Amino acid sequence: MKKIDINIPQNAYNVFLGGNIIDRLPKLLTSEKLNGRLFFVIDKNVNKFYSDKLTEIFTKAKFNYNKIIINANEKNKSYETLQKIHKALIKNNYGRDSLIVAIGGGIIGDVTGFAASTYMRGIKYIQIPTTLLASVDSSVGGKTGINFSNTKNIIGTFYQPKMVLIDTNFFSTLPKEEMLCGVGEIIKYCFLTEQKFFNYVKKNIDSLLTNDTKTITKVISEAVRFKGDVVIADEKETGIRKILNLGHTFAHAYEVEQNHKVKHGQAVIVGIASALYLSKELSLLTPKQFKQFGVLLFQFKSKIQLGKVNKNSTYKIMQRDKKNRDGQVKLVLLKDIGNIVTDISCSRKMIIDAIDYGITVFSR
Ligand SMILES: NC(=O)c1ccc[n+]([C@@H]2O[C@H](COP(=O)([O-])OP(=O)(O)OC[C@H]3O[C@@H](n4cnc5c(N)ncnc54)[C@H](O)[C@@H]3O)[C@@H](O)[C@H]2O)c1
């Protein structure tokens, strides 16, 4: 089992990563001094596959817990789900000494973290990601939130978990298209980090998609370390942390415009394609770089198929993004691998052209 320290000042925690390590959860809770009454918020599909195992582990350790089961979809990343969690906590007399355990993908992690950050002005929670996407990205960094008024993650907090446990065995039941979503965020790290990581992922895409444990563990470990360092430097996203949003302003707009028929990780791939195109149009990237970098994205053309996209509506949705300033859409773009520029604004026409490019490449 690997241990990665996320040394955020005043909010440090450990990420544990390995295969079949969920059995060690009760012991880790004790060794990390995470005592308190346990409350699980668990993804419906994860509960279906792993409820018996969790019961066995916690019965053996003589730990009690209550749980709430949530159907993970973007519509349920909502105030209604937040209320359900809070009501269950109140009904069962959970106090400030409680520990909430989020078990699921990014949807469960985001809404549970938000519930923990607002219940009694903030109680402890931990993340047990069960998707590849949540393991490489959302479980670390403390961004919590819900969707509201047709806008992604518009209500939320920065609130760090007390521990993250990544058990790669969970991926054995994860549908193929969800593995692809995880690869979407991994591709983002290819552009943020260094050429070596880019080359490694490019060479090992099939191993990632087919859940090869060794490759997956290496990639998760590098992504978590990288994200950890960025979050340590800028927990509240006032500077460097903005780079983690590469492709995401476009991606969130595609998700909402498509009424969530396209999944987040898939939308990230299309969003990065739009961001690379705009980077080229603004001469931040050369046509040669654009072609070289695009290879990583275009191989998924047949796997991601957007429905009909209204470009103007997509642009309007982008105008509601949290990162915008002075009424202008602010974008994260690329100059080179590991050389990201943030807060870039440009004309409406250029953004619409970049939307057009993304949807043309990835449309049915
Ligand atoms: N907080 C952050 O920093 C951050 C970063 C990236 C993404 N996100 C958010 O994460 C969300 C996407 O998360 P996701 O891709 O993990 O998807 P998800 O939570 O929607 O889960 C995807 C699907 O996989 C199922 N599932 C989960 N684990 C499973 C398992 N082990 N076996 C079988 N099925 C399983 C779920 O039931 C669901 O149907 C988006 O809402 C996005 O905005 C947040």
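Here's a walk through the fold and the ligand site of this predicted model.

Because the model is predicted, local features need pLDDT of at least 70 and side-chain atom pairs count only at pLDDT 80 or more, while totals for chains, interfaces and linings use all residues. Residues are numbered from 1 along each chain as its sequence is written, and side-chain values use heavy atoms, with hydrogens and water left out.

Let's take the overall fold. The protein chain has 14 helices and 11 strands, where helices (H or I, at least four residues) and strands (E, at least two) are DSSP runs numbered from the N terminus. Its radius of gyration is 20 Å, close to the 21 Å the globule rule gives for 364 residues, so the chain is as compact as a globular protein of that length. That radius is taken over C-alpha atoms, and the rule is 2.2 Å times the number of residues to the power 0.38. The C-alpha trace spans about 60 × 40 × 40 Å along its principal axes.

Phenylalanine 39, in strand 3 (residues 38-43), is one to look at: its relative accessible area is 1%, so it is buried.

Now to the ligand. Around it sit 27 residues, of which Asn45, Glu74, Thr130, Thr131 and Lys152 come nearest; a residue is near if one of its heavy atoms lies within 4 Å. By class, this shell has eight nonpolar, nine polar and 10 charged residues. Here Ala, Val, Leu, Ile, Met, Phe, Trp, Tyr, Cys and Pro are nonpolar, Asp, Glu, Lys and Arg charged, and the others, Gly among them, polar.

Where does the shell come from? Helix 2 (44-60), helix 4 (106-118), helix 5 (132-138), strand 8 (151-158) and helix 6 (176-192) each supply at least two residues, and helix 5 gives the largest share, four residues. Domain 1 (2-173) and domain 2 (176-210 + 212-361) each contribute at least three, with bounds from an automatic or database domain assignment.

Finally, the polar contacts (N or O pairs within 3.5 Å). A polar side-chain atom of threonine 131 lies 2.6 Å from a ligand oxygen, and one of lysine 152 lies 2.8 Å from a ligand oxygen. Glycine 106 uses a polar backbone atom, 2.8 Å from an oxygen of the ligand. Taken alone the ligand exposes 870 Å², and the protein buries 91% of that (Shrake-Rupley areas, 1.4 Å probe).

Technical notes:
Polar contact = N/O pair within 3.5 Å; in protein donor to acceptor, adjacent residues only side chain to side chain. Buried < 20%, exposed > 50% of the residue type's maximum accessible area, 1.4 Å probe, protein only.
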